[in-house]
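Hi there,

Here is the structure I promised to pass on to you. Have a look at it first, and then read my notes below.

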Amino acid sequence: MAIQLGDSPEEAAWRQEVRQFIEQEAPAELKTGGGGEGGLFGRMGAVKQWRDKVAEKGWIAPSWPKQYGGAEMSVVGQFIMNEEFAEAGVPSNVGGFGVMMIGPTLIEHGTEEQKEEHLGRILRGEVIWCQGYSEPGAGSDLAALQTRAVRDGDDYVLNGQKIWTTGAQYSDWMYMLARTDPEAPKHRGITYLLVDMKSPGITVQPLTTMAGTQTFNEVFFEDVRVPVQNRVGEENRGWYVGTTTLDFERSSIGSAIGVRKSLEGLMRRAKEGKESSFERSASVRHEFVDRWVEAEVAKMLSYRVISMQAAGMIPNYEASMCKLFTSELQQRIANLSMHLYGMHGNVINRSSMGYMQGVSATIAGGTTEVQKNIMATRGLGLPRG
Ligand SMILES: Cc1cc2nc3c(=O)[nH]c(=O)nc-3n(C[C@H](O)[C@H](O)[C@H](O)COP(=O)(O)OP(=O)(O)OC[C@H]3O[C@@H](n4cnc5c(N)ncnc54)[C@H](O)[C@@H]3O)c2cc1C
């Protein structure tokens with residue numbers, strides 16, 4: 001079968017339109033990508049400016065149906081847009097968890113009142129959402145979560161704790177999972193709730209990562225009242241709603257292009273050869289070649305995932321391969337940077353920041369070991385342990 005990697009004439013025209021938009025509208029300070037102090041959260045002003053432009057253009061919710069104010073782009077159309085955004089170094093998912101996760105979940109499972117209340121505000125960028133899934137004893141084994149929601153009249157009363165909640169300190173709303181039936185088998189006693197972050201009894205405690213950034217938080221609930229009308233789907237059926245939300249995560253083309261761009265940055269420096277004669281050694285040249293080949297492989301793996309989606313298939317172990325390979329490559333490139341510049345890298349290109357931040361990519365969205373379990377059982381057909 002012939003492999004067609006180039007754009008059709010319509011796709012090329014769409015790519016051109018996206019490029020032109022970025023050129024005209026993207027704030028210069030974002031074009032350097034997501035790094036820097038506090039990542040994108042450290043540059044909220046510029047992110048907001050960019051988000052408003054994307055929203056004005058009608059592209060903020062690329063996958064949502066037009067009926068709900070989305071752009072209803074094809075899978076390939078979304079892919080090209082994300083690829084061009086990543087190529088320019090500007091954030092692609094400016095609608096955040098609202099557009100990417102909770103919006104599509106409400107479209108599928110929400111009541112008319114919930115859609116009415118939330119979808120428009122998400123599209124207009126008026127609210128920030130966070131995801132309250134992980135707990136100190138529930139990460140890879142998410143169904144082990146223990147935060148309790150007890151029905152009391154027209155409310156649920158929440159008690160417990162979430163952790164690693166990205167952006168909770170900036171968020172207006174949280175979609176979350178809580179245990180409503182502790183006696184039921186663990187996947188069957190969970191309910192999906194929408195929680196107003198201003199509710200009395202919520203405490204948000206930022207966590208400082210080893211890179212010195214504060215993107216994660218612990219969130220504590222003490223007798224927090226959540227109206228029953230904020231429940232999505234049926235009581236005790238939240239696991240199935242919650243896994244729909246996770247299905248909306250997309251292929252990692254943004255990260256595949258991102259790793260290649262950080263490699264290009266390192267190569268530009270090495271070509272100038274200003275830092276040390278070490279940059280010109282054969283071992284370093286070979287390391288660059290290895291990483292370059294791997295960056296091409298990462299791109300191909302993400303093309304595979306997107307081609308499957310475009311053909312109406314649901315990528316499974318293929319998405320795990322893509323995520324695993326790209327996130328580990330990110331670490332190998334950060335290692336190369338440390339190897340080249342060591343402590344001096346802190347001054348010239350903040351290589352130690354990249355090194356420390358790279359670790360989280362192998363944990364977020366399913367750890368490396370969990371991806372390997374999926375590939376071993378569903379990809380290779382090996383028996384479960
Ligand atoms: C950048 C980032 C952003 C995040 N944002 C959010 C967020 O917004 N909201 C949210 O709810 N959570 C968020 N998380 C949390 C994330 O979902 C969890 O960290 C992840 O699911 C892993 O869970 P854990 O940290 O509890 O580790 P554990 O699940 O406790 O894993 C510990 C170690 O054991 C290994 N392990 C676990 N199970 C198995 C197994 N079956 N086989 C082999 N090895 C195994 C893991 O690979 C890991 O090495 C974020 C995490 C990161 C890094």
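This is a predicted model: local features need pLDDT of at least 70, side-chain atom pairs count only at pLDDT 80 or more; totals for chains, interfaces and linings use all residues.

Residues are numbered from 1 along each chain as its sequence is written.

Let's start with the ligand. There are 17 residues around it, and Tyr133, Gly139, Ser140, Thr367 and Glu369 come nearest (a residue is near if its C-beta atom, placed from the backbone, lies within 6 Å of the molecule). Strand 1 (129–132) and helix 12 (368–379) each give two or more residues to this shell (helices, H or I with at least four residues, and strands, E with at least two, are DSSP runs numbered from the N terminus). At least three residues come from each of domain 2 (129–246) and domain 3 (251–379), with bounds from an automatic or database domain assignment.

Next, Tyr192 sits in strand 5 (residues 190–196). It is buried because 25 C-beta neighbours lie inside 10 Å (buried means 20 or more other C-beta atoms within 10 Å, exposed 12 or fewer, partly exposed in between, with C-beta atoms placed from the backbone). Arg231 is 39 residues away along the chain, yet its C-alpha atom is 5.9 Å from that of Tyr192.

Finally, Gly273 lies in the loop between helix 7 (253–272) and helix 8 (282–310). Gly273 is exposed, because it has 11 other C-beta atoms within 10 Å.

Happy exploring!
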